[in-house]
Amino acid sequence: MTMPQPDFREPRLFIDADLVPGETVALDHGQSNYLGNVLRLSAGSTILVFNGRDGEWRAAIAGRKRPENLTIVAQTRPQDRLGDLTYVFAPLKHARLDYMVQKAVEMGASSLQPVLTRFTQVTRVNGERMRANVIEAAEQCGILSIADVAEPMPLDRYLAQRAPQRLLVFCDEAADVENPLRALQSHRAAEGGVDILIGPEGGFAEEERAILLRQPLILRLSLGPRILRADTAAVAALGLVQASLGDWSG
């Protein structure tokens, strides 16, 4: 059965409301401004909407002087489900964190977990800003599910509470450089979900590395012979995991 393909020519908007045929959904000020002043849409125009639960729907804009509400018309795609893939990372400064969150969403992460390490340079994380970046990436890339954004926690607490059946892909700049695809393919039988861990710009402390290497189901992975910035490493690691264990692997 062929799945409906995303329509990238029509604007898409995330709506935090149930999507039911004939339902009227009020637009907030930001959404009204975006549709009316940025996209220059008015009453009678249609857009695509999604809420992360009910699939994608066509909706008609209504309003007198500006877009005020949407009328839900018909479903265009059923809801899908992201793979069980958590991206675990040391927070970065604003612009690079925005980029990293957006790319993680584009690459299919279902959950984002900031962790604080000894060499983490940024200890305060704006969760609302992260969620806004998650939504924006989903809107622009035809993604129907919204990745969860977790509260930051110390690395040791995260490791203590994570499920032991999950595969932890530990991207370690100190690991021997070997073929990462071959290493990942040896774990194809891991069905408990995957966590990808990228450390801070300063790398992991030795005691952190020791704790990580004692985890019950762990793959210590090199991302090649060059040192990558954390936001670049995010894209590289997620691409490798999706190609070997995720929704690129067929």
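Author: A definition to start with: rings of Phe, Tyr and Trp, the last by its six-membered ring, pair if their centres lie within 6.5 Å. Note also that this is a predicted model.

Reader: How many aromatic pairs does that rule give?
Author: The count comes to three aromatic pairs.

Reader: Take Tyr 87 and Phe 89. How far apart are the ring centres, and at what angle are the planes?
Author: The centres are 5.2 Å apart and the planes are at 15°, so Tyr 87 and Phe 89 are stacked.

Reader: Are those two buried or exposed?
Author: Tyr 87 is buried, and Phe 89 is buried as well.

Reader: And what about Phe 170 and Phe 204, what kind of aromatic pair is that?
Author: Edge-to-face, with 5.2 Å from centre to centre and 80° between the planes.

Reader: Where do Phe 170 and Phe 204 lie?
Author: Phe 170 is in strand β10 (residues 167-171), while Phe 204 is in the loop between β11 (194-198) and α6 (206-213), so the pair ties together parts that are 34 residues apart in sequence. Both Phe 170 and Phe 204 are buried.

Reader: Staying with rings, what lies over the face of Phe 50?
Author: Arg 12 does, at 4.3 Å from the ring centre.

Reader: Now helices. How do the axes of α2 and α7 cross?
Author: The axes of α2 (residues 94-106) and α7 (residues 230-244) come within 9 Å and cross at roughly 5°. Angles under 35 degrees count as roughly parallel, and α2 and α7 are therefore roughly parallel to each other.

Reader: Which residues make the contact?
Author: From α2, Arg 96, Tyr 99, Met 100, Lys 103 and Ala 104; from α7, Ala 230, Asp 231, Ala 234, Val 235 and Leu 238. Of the residues in the contact of α2 with α7, seven are nonpolar, three are charged and none is polar.

Reader: Different topic. What is the phi of Arg 40?
Author: Positive, about 60°, although Arg 40 is not a glycine. Most residues other than glycine have a negative phi.

Reader: Where is Arg 40, and is it buried or exposed?
Author: Arg 40 sits in the loop between α1 (29-38) and β3 (46-50). Arg 40 has a relative accessible area of 67%, and over 50% counts as exposed, so Arg 40 is exposed.

Reader: Last one. Where does Asn 126 lie?
Author: In the loop between β7 (111-116) and α3 (127-141). Asn 126 is partly exposed, at 43% relative accessible area.

Reader: How far is Asn 126 from Glu 151?
Author: In sequence, 25 residues; in space, 9.4 Å from C-alpha to C-alpha.

Note on methods: Residues are numbered from 1 along each chain as its sequence is written. This is a predicted model: local features need pLDDT of at least 70, side-chain atom pairs count only at pLDDT 80 or more; totals for chains, interfaces and linings use all residues. Side-chain values use heavy atoms; hydrogens and water are left out. Axes are lines fitted to C-alpha atoms, for helices over the stretch in contact, and angles run from 0 to 180 degrees between N-to-C directions. Helices (H or I, at least four residues) and strands (E, at least two) are DSSP runs, numbered from the N terminus. Angles under 35 degrees count as roughly parallel, over 145 as roughly antiparallel, 65 to 115 as roughly perpendicular and the rest as oblique. Contact means heavy atoms within 4.5 Å. Ala, Val, Leu, Ile, Met, Phe, Trp, Tyr, Cys and Pro count as nonpolar, Asp, Glu, Lys and Arg as charged, and the others, Gly among them, as polar. Buried means under 20% relative accessible area, exposed over 50%, partly exposed in between (1.4 Å probe, protein chains only). Rings of Phe, Tyr and Trp (its six-membered ring) pair if their centres lie within 6.5 Å; planes under 30 degrees apart count as stacked, over 60 as edge-to-face and the rest as tilted. A charge sits over a ring if NZ of Lys or CZ of Arg is within 6 Å of the ring centre and within 35 degrees of the ring normal.
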